[in-house]
Amino acid sequence: MSFLQSLSQRDRVFDFMAPQASPVDVRHGPILYLEDVTVSFDGFKAINNLNLTIDDGELRCIIGPNGAGKTTMMGIITGKTRPNSGSVWFGSRHNLLQMNEPEIASLGIGRKFQKPTVFEALSVFENLELAMAADKRIFPTLTARMTGEIKDRIDEVLETIGLAALRHQLAGILSHGQKQWLEIGMLLMQRPRLLLVDEPVAGMTEQEMERTAELLTGLAGKQSVVVVEHDMGFVRSIARQVTVLHQGSVLAEGTMDQVASDPKVVEVYLGADDEEAA
Amino acid sequence: MSLTTESSTNFWLTRPFSERSTQIFLGVLLAALALVTILHVAVPPDNPLHVGAYTVNLFGKYLSYALLAVAVDLVWGYLGILSLGHGAFFAIGGYAMGMYLMRQIGERGTYGHPVLPDFMVFLNWDSLPWYWLGFDMAWFAFAMVLIAPGLLALVFGFLAFRSRVTGVYLSIITQALTFALMLAFFRNEMGFGGNNGLTDFRELLGYNLRSNDTRLGLFLATGVALGLGYILCRAIVTSKLGRVSIATRDAEARTRFLGYRVERFQLFVFVVSAMLAGLAGALYVPQVGIINPSEFSPIFSIEIVLWVALGGRATLYGAVIGAILVNYAKTVFTGVMPDAWLFALGAMFVLVTVFLPKGVAGLFRHLKRKQRATSTLADKPNNTPEEVSA
């Protein structure tokens with residue numbers, strides 16, 4: 001037993017003492033850089049000569065009508081979809097087109113899907129524990145101990161996502177909005193450099209949207225955050241920089257007010273949608 | 001469950017001892033073992049409280065079934081793998097023990113052959129098949145009790161989990177596995193005694209299996225094995241690996257997405273469970289005095305799942321309660337009116353499903369929660385978190 005014990009201890013020190021050093025080189029500014037990216041599905045160009053630059057620590061909203069290529073773009077960044085041409089760089093050192101999904105994820109790109117999936121039979125705390133970056137092989141997992149560092153890290157994320165008071169509740173009893181925050185928290189446990197968030201406020205109440213806006217703006221600066229969202233009111237409340245996609249390429253870019261007053265944008269998207277939102 | 005997470009800074013194997021439910025379980029188990037021993041040894045046979053050797057033997061059998069049920073609950077309750085073939089691992093462990101017991105008979109068999117068991121002499125075999133070698137040594141046989149079922153589970157599980165076979169399909173394959181093994185073991189050429197199986201055992205480690213003291217010893221050994229098996233399962237379940245198992249059970253794809261190699265976790269838990277089932281089988285065989293291919297029958301494997309469901313899934317102690325309860329009822333019913341037993345089993349299952357969907361253990365939990373709710377009603381308001389309203 002003492003052999004096993006010593007083994008587990010060594011593992012613990014090895015894993016958790018050294019926080020994942022991110023090898024991403026952002027000295028030149030942008031953390032994500034897409035240039036002339038084109039993706040076509042059977043001749044249909046879902047992404048057409050897309051150019052996009054995200055700065056380190058930036059919060060960027062991406063809007064656009066259905067079929068504008070928002071989800072496809074997320075797929076390219078995470079390695080799920082391969083573009084036909086163009087280049088995608090993470091920092092100035094990593095060519096994402098040469099990496100597979102797990103490699104990209106371990107570089108520090110986290111993606112939150114539209115539908116929240118949390119482990120309902122486990123508590124909020126335990127959900128975050130499982131999501132934590134750690135040695136995920138069998139025996140280290142079996143002998144894993146709850147150390148002060150892990151607890152502190154989980155507490156920190158619990159504070160960030162505003163679920164500290166619900167830490168012992170089963171995730172199954174959380175409301176839809178709380179599950180979304182927990183899911184964002186699970187992403188944060190992996191210490192990502194870039195968070196891709198897909199429609200975070202779909203199905204949320206007004207108050208939940210406000211909380212989510214606070215959460216995402218709070219994250220920016222520490223992480224870079226890219227939000228894809230339909231809800232214009234929500235985008236207006238968080239956005240500093242907005243990119244409008246249309247038919248697979250960038251239609252306009254700028255602050256919300258600049259974008260909203262752009263006649264091209266009004267024509268394809270904003271006009272119709274703003275009336276709906278109002 | 002959640003309350004233990006944060007305080008569990010200690011070594012994973014000793015973690016269950018700090019749990020209330022494990023303490024109660026071990027206390028009850030030890031008390032039961034002590035009580036039966038005292039009533040058997042110290043109370044004179046003419047006293048109505050005396051527990052006879054037959055009853056001790058019967059209890060020993062129940063305890064080995066209980067260990068088997070715990071093994072099934074580990075994979076079904078916590079990993080979500082409904083194995084309808086755990087009888088196979090139980091029977092293989094039993095056969096490993098049976099082979100050792102056969103070799104111990106030696107020249108005292110009907111045919112008096114110094115090495116070959118009776119059925120091999122009867123089949124005109126002149127030497128032992130290779131896989132019978134080594135079973136005259138206790139340490140080898142006892143190791144095989146764990147290794148043989150573990151190996152089968154490893155190969156079977158590796159193929160199944162690697163191909164991501166889960167759910168109903170896996171249940172069907174496990175059922176096919178145990179059925180195929182039953183057919184194979186029925187054949188005389190397999191060298192496991194065909195449909196008669198292995199029987200006519202004399203001694204275990206030099207102790208006469210027909211003496212009352214040996215029976216008591218086997219009963220106690222089974223009780224200890226159940227306790228240790230329970231602690232091991234509890235340790236697994238309360239570890240981070242246990243939480244990964246639950247996560248896998250509820251959202252396999254999501255768990256994989258978090259970076260866990262789900263198929264390896266499934267394989268690990270499945271193999272541990274198969275080894276425990278093998279151990280249960282090995283303790284069962286010397287107490288009933290026979291092992292034959294009927295233990296491989298698909299019906300038996302389904303019955304095990306029924307015990308777990310009746311007792312309450314994903315609690316471990318529920319599996320123990322279910323196994324003992326159903327088998328006690330079986331003993332009573334088959335004694336009083338043998339024809340009614342299957343109806344009674346069916347009725348029990350229907351009633352529990354309708355009125356106690358979480359089994360007998362669910363009833364306990366419900367009562368406990370009710371009690372706690374009434375006692376903490378006074379200081380409830382300040383415990384409502386502000387986030388709830390958000």
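View 1. As in every view here, we're looking at a predicted model. You'll find Arg164(B) in the loop that links helix 6 (138-162) to helix 7 (167-186) of chain B. Its phi is positive, about 55 degrees, even though Arg164(B) is not a glycine.

**View 2. Asp36(A), another non-glycine with positive phi.** Here phi is near 50 degrees, and this time the residue is in a strand, namely strand 1 (residues 30-41) of chain A. Asp36(A) has 13 C-beta neighbours inside 10 Å, so it comes out as partly exposed.

**View 3. The open sheet of chain A.** Four strands pair antiparallel in the order 2-1-4-5. Strand 2 (44-55) and strand 5 (94-95) are the edge strands; each has a single partner, so one side of each has no neighbour in the sheet. Zoom in on strand 4 (residues 85-90) and strand 5 of chain A, and you'll see an antiparallel pair joined by two bridges. Trp89(A) faces Asn95(A) of strand 5 across this pair.

**View 4. Two annotated transmembrane stretches of chain B.** An unreviewed UniProt entry lists transmembrane regions in chain B, including residues 24-42 and 304-328. Residues 24-42 are 95% helix and 0% strand, with their end C-alpha atoms 26 Å apart. Residues 304-328 are 80% helix, again with 0% strand, and there the end C-alpha atoms are 14 Å apart.

Technical notes
Residues are numbered from 1 along each chain as its sequence is written. Chains are lettered from A and ligands numbered from 1 in the order in which they are written. This is a predicted model: local features need pLDDT of at least 70, side-chain atom pairs count only at pLDDT 80 or more; totals for chains, interfaces and linings use all residues. UniProt positions are given in the numbering used here, feature names are shortened, and annotations may be inferred rather than shown by experiment. Two strands pair if DSSP finds at least two bridges between them. A residue is buried if 20 or more other C-beta atoms lie within 10 Å of its own, exposed if 12 or fewer, and partly exposed in between; C-beta atoms are placed from the backbone.
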